[in-house]
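Here are a few friendly notes to read with the model open beside you. Take the points one at a time and find each residue as you go.

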Amino acid sequence: MQRAPLKHCKECGTAVVYRVPDDGDTKPRAVCPACHTIHYENPLNVVGTVPYWGDQVLLCKRNIEPRYGKWTLPAGFMELNETTAEGAARETVEEAGAQFELQGLFSLLNVARVGQVHLFYRARLTSDQFAPGTETIEARLFREDEIPWDEIAFRTVKETLDCYFADRRSGHYGIHTLDIT
Ligand SMILES: [Zn+2]
């Protein structure tokens, strides 16, 4: 999910040049040689949930690249004009068609290498019936001993599931902050 470098100016379409701007900045930016627009690129938030039903967790089999056919927690890029919690809930509806009560923030994972921050909320499912959207091949519940650990799409999902089942065993759910390198 690494973003490709910007190639063309968003204002005028001219090919950009990566250089440190002359305004005291310290990092290279995509600068337009024609209209002089400086394009600032900042990390994106990925928001999702850990939906649970008793001792089981809901995973979605991806119908899209990257990681087609691998399993993930419902998650996706946050949209403008929504909160992190609203985005997490929206993705859970879109990808799994799940019915749930959104609970507290559970994990925050920095993926600095690709300029992303992933946030997962716990979500208590209120039904074990799902209606997966077009981005999902299959949505189903897994007990801890059924989780397809070798078929998990993303490191942040694997780490979040690890934390979830560890907390479940201890009976206390914390907020987990991890840096993925
Ligand atoms: Zn330009």
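In what kind of contact do the side chains of E146 and R143 meet? They meet in a salt bridge, at 3.4 Å from N to O. Before going on, please keep in mind that this is a predicted model, in which local features need pLDDT of at least 70 and side-chain atom pairs count only at pLDDT 80 or more, while totals for chains, interfaces and linings use all residues. Residues are numbered from 1 along each chain as its sequence is written, and side-chain values use heavy atoms, with hydrogens and water left out.

1. Side chains of opposite charge can pair when their charged atoms come close. The term salt bridge is used here for a side-chain nitrogen of Lys or Arg within 4 Å of a carboxyl oxygen of Asp or Glu. By this rule the structure has 13 salt bridges. Besides meeting E146, R143 forms a salt bridge with D145, where the closest N and O atoms are 3.6 Å apart. E146 also has a salt bridge with R140, with 3.9 Å between the closest N and O atoms. Elsewhere, a network of salt bridges links E82, R90, E91 and E94.

2. How open these residues are. Buried means under 20% relative accessible area, exposed means over 50%, and partly exposed is in between (1.4 Å probe, protein chains only). D145, at 63%, counts as exposed. R143 is partly exposed at 35%, E146 is partly exposed at 31%, and R140 is partly exposed at 32%.

3. The zinc site. Which residues coordinate the zinc ion? They are C9, C12, C32 and C35, each through its SG atom, at 2.3 to 2.4 Å. Donors are N, O and S atoms within 2.8 Å of the metal (3.2 Å for Na, K and Ca), and water is not among the atoms, so sites may look incomplete. The 4 donor atoms subtend angles of 102 to 120°, so the arrangement is tetrahedral (for four donors, all angles between 85 and 135 degrees). In sequence, the donor residues follow the spacing C-x2-C-x19-C-x2-C. C12 lies in the segment before strand 1 and C35 in the loop between strand 2 and strand 3, so this pair ties together parts that are 23 residues apart in sequence. C12 is partly exposed at 40%, and C35 is partly exposed at 33%.

4. The sheet. Strands are DSSP runs (E, at least two residues), numbered from the N terminus, and two strands pair if DSSP finds at least two bridges between them. Here 3 strands form an open antiparallel sheet in the order 1-2-3. Strand 1 (17–19) and strand 3 (38–39) are at the edges with a single partner strand each, so one side of each has no neighbour in the sheet. Strand 2 (residues 29–31) is joined to strand 3 by 2 bridges, and V31 stands opposite I38 in strand 3.

5. The aromatic rings. Rings of Phe, Tyr and Trp (its six-membered ring) pair if their centres lie within 6.5 Å; planes under 30 degrees apart count as stacked, over 60 as edge-to-face and the rest as tilted. The structure holds 5 aromatic pairs. For Y164 and F165, the ring centres are 5.5 Å apart and the planes are at 75°, so the pair is edge-to-face. Both Y164 and F165 are buried. One aromatic cluster is formed by Y52, F106, Y164, F165 and Y173.

Key
Helices (H or I, at least four residues) and strands (E, at least two) are DSSP runs, numbered from the N terminus. Four donors count as tetrahedral if all angles lie between 85 and 135 degrees; four count as square planar and six as octahedral if opposite donors are over 155 degrees apart and all others between 65 and 115; anything else is irregular.
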